[in-house]
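Please work through each task before reading its solution.

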Amino acid sequence: MDQHDTAPPDSEPPPEPDEIPLGQRLFERPFLLLAAGILIMAVFYTGWGLYEILTLPPAPLP
Amino acid sequence: MSASTSQAAIPSLFRTCPSTGLKVHDHAERLIRAHAVVATVMLLVGGIAALLVLLTRWQAIHLLDAVWFYRILTVHGMNMLIFFIIFFEMAVLLFAGPILLNCRMPAVKTAWGAFGLMVLGMLLVQWTMWTGQADVLFTSYVPLQAHSNFYLGVILFAVGTLITTGIFFATLVVAKREKTYEGSVPLVTFGALTAAIIAVITLLHGAAIYIPTWFWSMGMMEVDAQVYRMVWWGLGHSSQQINVAAMVSIWYLLATLTVGGVVLNQKVSRIAFVLYILFISMASAHHLLVDPGMGSAWKVWNTSYFMYMAVLASMIHGFTVPAGVEMGMRLRGFTQGFFGWLKRAPWGDPGFSSLVLSVVVFGFVGGITGVTFGTEQINIIAHNTLRIPGHFHATVVSGTAMAFMGLTWYVIPLIFRKRIAFYPLVKIQPYLFAFGMLLFSLAMTFAGTFGAPRRLWDMTYSGAPFDVQYSPAMDIIIAVMAIGGLMGIVGGGIYILATVWSVFFGKPLPEGKEAEYVGSIPLGLIRRPWTETPATDEDPEAPGRFGAVPGTVFLVAIFFVAFVVYYFANWALLSFTWQVG
């Protein structure tokens with residue numbers, strides 16, 4: 001079931017924490033990923049969208 | 001993965017699965033069962049509604065009157081797109097968390113409370129829909145107004161879902177603290193994490209719009225229709241992106257379970273999931289491409305979501321999953337030619353056939369049409385036509401539901417410890433369901449191209465003060481759509497019959513005796529390819545002229561050709577409709 005095809009063989013010592021690449025360390029922080037996902041959606045979709053709607057000039061009456 | 005000492009202290013709460021070797025926490029298993037059972041009941045209700053809607057949209061029969069058509073269409077949308085899917089997804093989170101991470105289930109009572117809230121919310125929504133107090137369709141666009149209990153039900157359901165999602169996050173913390181796994185979490189759990197994050201984004205938007213709409217339904221405040229549409233789609237479309245992440249996770253899981261598929265590159269697959277986390281929810285803007293209230297910059301930015309980063313992610317998974325299957329097969333000696341591995345694949349294993357059909361129909365039909373309709377200019381000729389449900393039945397039904405069904409054939413023996421009833425029927429179920437839904441989606445897409453509207457009770461507009469002429473081919477296309485839909489419903493019916501019968505009346509599957517039950521459980525559970533040490537005389541990873549996975553490269557090339565042809569054919573269609581010069 002374990003799909004770690006990049007895991008080192010058992011005979012090798014486990015890597016030191018500082019050897020773990022930056023990307024992997026970032027990916028292992030679920031709450032950071034959660035915050036990033038919420039922030040991007042909140043800024044570019046929801047926030048910008050609300051700004052567009054709320055600043056829409058009223059249509060002139062015929 | 002290594003078990004923690006804390007687990008050894010409370011051994012009675014765990015059992016070791018004889019097939020996978022995973023330690024299964026008792027409460028997690030019970031919760032998975034409860035969510036899966038309710039999801040199946042929701043599928044049954046939504047499926048009956050599907051039949052009624054189909055027999056009404058088929059003009060030759062036109063079964064329901066207008067009031068009941070919109071009522072049943074609401075029932076169909078809510079049960080399929082919200083209740084069935086989300087109950088199943090919560091089961092996936094409960095599996096990918098405590099079980100794949102070999103850890104205990106935290107906050108068990110809270111988890112049951114959340115499940116109760118979800119059920120209560122669902123029942124409230126069902127009551128308002130079936131009693132005609134919520135004929136507002138799945139979108140419930142303001143100013144269409146339902147009974148306040150409809151909105152309250154959705155809010156309760158969403159709160160329950162949010163709590164279960166929170167418990168999944170808590171599981172990640174517990175597993176890390178108690179060191180129940182080594183290294184990074186498994187890829188399937190990472191995919192489930194992606195689904196959980198998108199679920200949080202989705203539910204926050206749901207709360208932001210349904211709470212004010214609930215107050216509005218009681219006459220306590222106003223809700224702007226354009227704001228409603230924009231924020232609601234942050235819920236409505238993003239909820240379907242939870243599906244995508246959950247479905248892709250299941251693809252990886254099924255590839256491992258059925259043929260011992262490998263992950264070609266953990267880094268690439270995880271980057272693709274992170275692209276989903278960051279960019280996929282913005283696809284919600286697709287639904288507002290013809291709305292006059294939103295500017296082009298907002299539309300193009302969000303629908304091109306950072307140069308189609310989420311589309312790139314789907315295409316990465318669309319390559320790595322079949323490539324992982326191919327590599328897994330080649331490692332086991334099936335190295336002949338481009339497609340020797342495909343010919344020798346276990347096509348009689350419903351888990352495997354569901355996986356392949358889900359990948360193919362999701363990618364070729366759902367993916368290509370979705371990206372095409374997400375183009376602002378092309379959207380104008382597709383919006384509100386049958387092309388849109390044609391697209392999302394290929395993604396949500398043929399893709400997500402198909403993958404969920406495929407996983408179910410493994411969940412019944414592994415989690416419920418039962419043999420699968422009506423197994424010969426189950427073996428053909430994926431083909432019947434997938435080909436039926438493929439026919440249905442393609443016919444809808446063609447009908448929409450000829451101008452057939454979506455959602456409408458009577459597409460002939462009888463009694464209207466104007467006349468609408470369709471192509472003479474329309475009646476045939478709608479009939480094909482109906483036949484495809486009926487095939488899909490029969491396939492769905494077999495799924496429900498076999499799962500319900502297996503779970504409630506099925507024969508038990510004694511632990512460790514799987515090999516004695518060939519013909520009543522999937523082949524993957526008998527062969528256990530994930531436990532084999534692959535052996536072959538040739539070096540399967542030695543890249544040939546077309547790389548290490550030439551069959552997948554060839555299939556992906558066909559995909560790109562189909563993509564280009566469909567995309568530019570739509571620009572040609574647009575040029576006929578909207579001539580310049």
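**Exercise 1: the interface**

Task: Determine how many residue pairs are in polar contact between chain B and chain A, and which elements of chain B take part in the interface.

Solution. Between chain B and chain A, eight residue pairs are in polar contact, both residues at pLDDT 80 or more (a pair of N or O atoms within 3.5 Å; within protein, one must be able to donate a hydrogen and the other to accept it, and residues adjacent in sequence count only if both atoms are side-chain atoms). Two or more residues on the side of chain B that touches chain A come from each of the helices H5 (148–177), H6 (187–217), H7 (225–236), H8 (238–259), H9 (266–279) and H10 (296–303) of chain B. H6(B) gives the most, nine residues. By type, this side of chain B has 38 nonpolar, 14 polar and three charged residues.

The model is predicted, local features need pLDDT of at least 70, and side-chain atom pairs count only at pLDDT 80 or more, whereas totals for chains, interfaces and linings use all residues. Residues are numbered from 1 along each chain as its sequence is written, chains are lettered from A in the order in which they are written, and side-chain values use heavy atoms, without hydrogens and water.

**Exercise 2: contacts in numbers**

Task: State how many residues of each chain are in contact.

Solution. In contact (heavy atoms within 4.5 Å) are 55 residues of chain B and 27 residues of chain A.

Methods: Helix = DSSP H or I, 4+ residues; strand = E, 2+ residues; numbered from the N terminus. Nonpolar A, V, L, I, M, F, W, Y, C, P; charged D, E, K, R; others polar.
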